[in-house]
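Okay, thanks for coming, everyone. I'd like to talk through one structure today, starting with the ligand and then moving on to some helix packing.

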Amino acid sequence: MNYLDYAATTPVDARVLDAMLPYFREFYGNPSSVHRLGQKAEAAVDEAREKVAAVLHCSPGEILFTSCGTESDNLALRGGAFANRNSSGRKWILTSKTEHHAVSKTAEQLAQENGFLLEWLDVDEFGMVTPESLGRAVCDDTALASVMYANNEIGSINPIAALAGIALKNKILFHTDAVQAAAYLDVNVETLGVDLMSLGGHKFYGPKGVGALYVRKGTGLLPQMTGGGQEFNLRAGTQNVPYIVGFAEALRLAHMERENRTAHVQPLRDHLIGEILETIPDSRLTGHPQKRLPNHASFVFKDVDGNLLLQLLDAAGFACSSGSACKTGNPEPSEVITSLGYSRDWALGSLRITLGVDSTPQHVDSFLQTLPGLVEKARKLNQK
Ligand SMILES: *Cc1c(COP(=O)(O)O)cnc(C)c1O
């Protein structure tokens, strides 16, 4: 299999797995236990928290470990919205239709079930939220704004520091979903200026099922998982020690190797984009041409069934995606692609190719030799 779907998930780095293994059978204590085995586990969680804080330029007390990026998004939105309404009565939530469902569906539920008011922020033709768009939407009654750092489906990078600046000026909470961004972009919360930031381990060669949420000191947050006093009373439940250790090591490596990883994927990605736009008629790049993740190429092809194209590619040995992994089998066009202004005949034909550490020029070349024929085949089948 030629894996070109690193935005969906990544394999666990061998060094990360090595760091995790002792915590399954050797140092298996509960971090809350008083005895030495418990202390050993607690020390591992503390050390992981320090490692994450060092990458984020924050204090360890501002990092919460969660079960995934989705949980971090849920905790940020629900916890932030409820706490803010409790303290200030503010009810508006601002977010965009290009967000991952972990954010957009959570915002929708807060509006439908919990009495919040939801406004969708305008996005431009690249799916980006501009500072002007946020500036227009904020009001005295805004509780929270959530704008993703980099888009998983179309790769565009939002101007987070500028957006967070507007939020700060208007005294509203600002959350960013950095789950997709953390593999390649700087996640320094000092320069970003965010109050809340979500991360997920499996997008940067860490394990699945572990995430983190940065919570700026002083930010009100109502816990969503209640129980024991773990994670500073903000996220109950016995910590998943080996996964937390793996998360922190994977993030540390992503930070240390960022330049090398970018230098590896970006030329391959640029070659891919150039060739596809040149060789395939009626093809367009989705997302911003420059301000995009360096491993990310995404397209729409007119009059192509994107899911059919994925199946044809799979049969030919290529693993790609048509956007968010969750959308497989869904015949409706992705809301992200639709929000860019594409009509249905374009929006249904989306394709995402994302590269990673094991991608080679040979992978890319064989993909480029295969794709045009399969797009043509999908178009013919579409006409029937
Ligand atoms: C993958 C992803 C998520 C969800 O993270 P999980 O750890 O899979 O729950 C949320 N937001 C974005 C942008 C993602 O790419």
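**Around the ligand**

So, the ligand is surrounded by C68, G69, T70, D73, H100, M148, N152, D177, V179, Q180, H202 and K203, where a residue counts as near if one of its heavy atoms lies within 4 Å. Before I go on, this is a predicted model, so local features need pLDDT of at least 70 and side-chain atom pairs count only at pLDDT 80 or more, while totals for chains, interfaces and linings use all residues. Numbering runs from 1 along each chain as its sequence is written, and side-chain values use heavy atoms, with hydrogens and water left out.

What's the make-up of that shell: how many nonpolar, polar and charged residues? We get 3 nonpolar, 6 polar and 3 charged. In that scheme Ala, Val, Leu, Ile, Met, Phe, Trp, Tyr, Cys and Pro are nonpolar, Asp, Glu, Lys and Arg are charged, and the others, Gly among them, are polar.

Which helix gives the most to the shell? That's α4, residues 69-88, with 3 residues; helices here are DSSP runs of H or I, at least four residues, numbered from the N terminus.

Now the polar side-chain atoms facing ligand oxygens. T70 has one 2.6 Å from an oxygen atom of the ligand, and for Q180 the distance is 2.8 Å. K203 has a side-chain N or O atom 2.7 Å from a ligand oxygen. On its own the ligand has 380 Å² of accessible area, and the protein covers 89% of that (Shrake-Rupley, 1.4 Å probe).

**Helix packing**

On to the helices. α3 (residues 36-56) packs with α10 (residues 241-256) at about 25°, axes 9 Å apart, the axes being lines fitted to C-alpha atoms over the stretch in contact, with angles from 0 to 180 degrees between N-to-C directions. That makes the two roughly parallel, which is the word for angles under 35 degrees.

Next, α15 (residues 361-383) and α11 (residues 258-279): their axes come within 10 Å and cross at roughly 15°, so α11 is roughly parallel to α15 as well.

And α12 (residues 306-315)? Its axis and that of α15 come within 9 Å, crossing at roughly 135°, so α12 and α15 are oblique to each other.

Key. Polar contact = N/O pair within 3.5 Å; in protein donor to acceptor, adjacent residues only side chain to side chain. Parallel < 35°, antiparallel > 145°, perpendicular 65-115°, else oblique.
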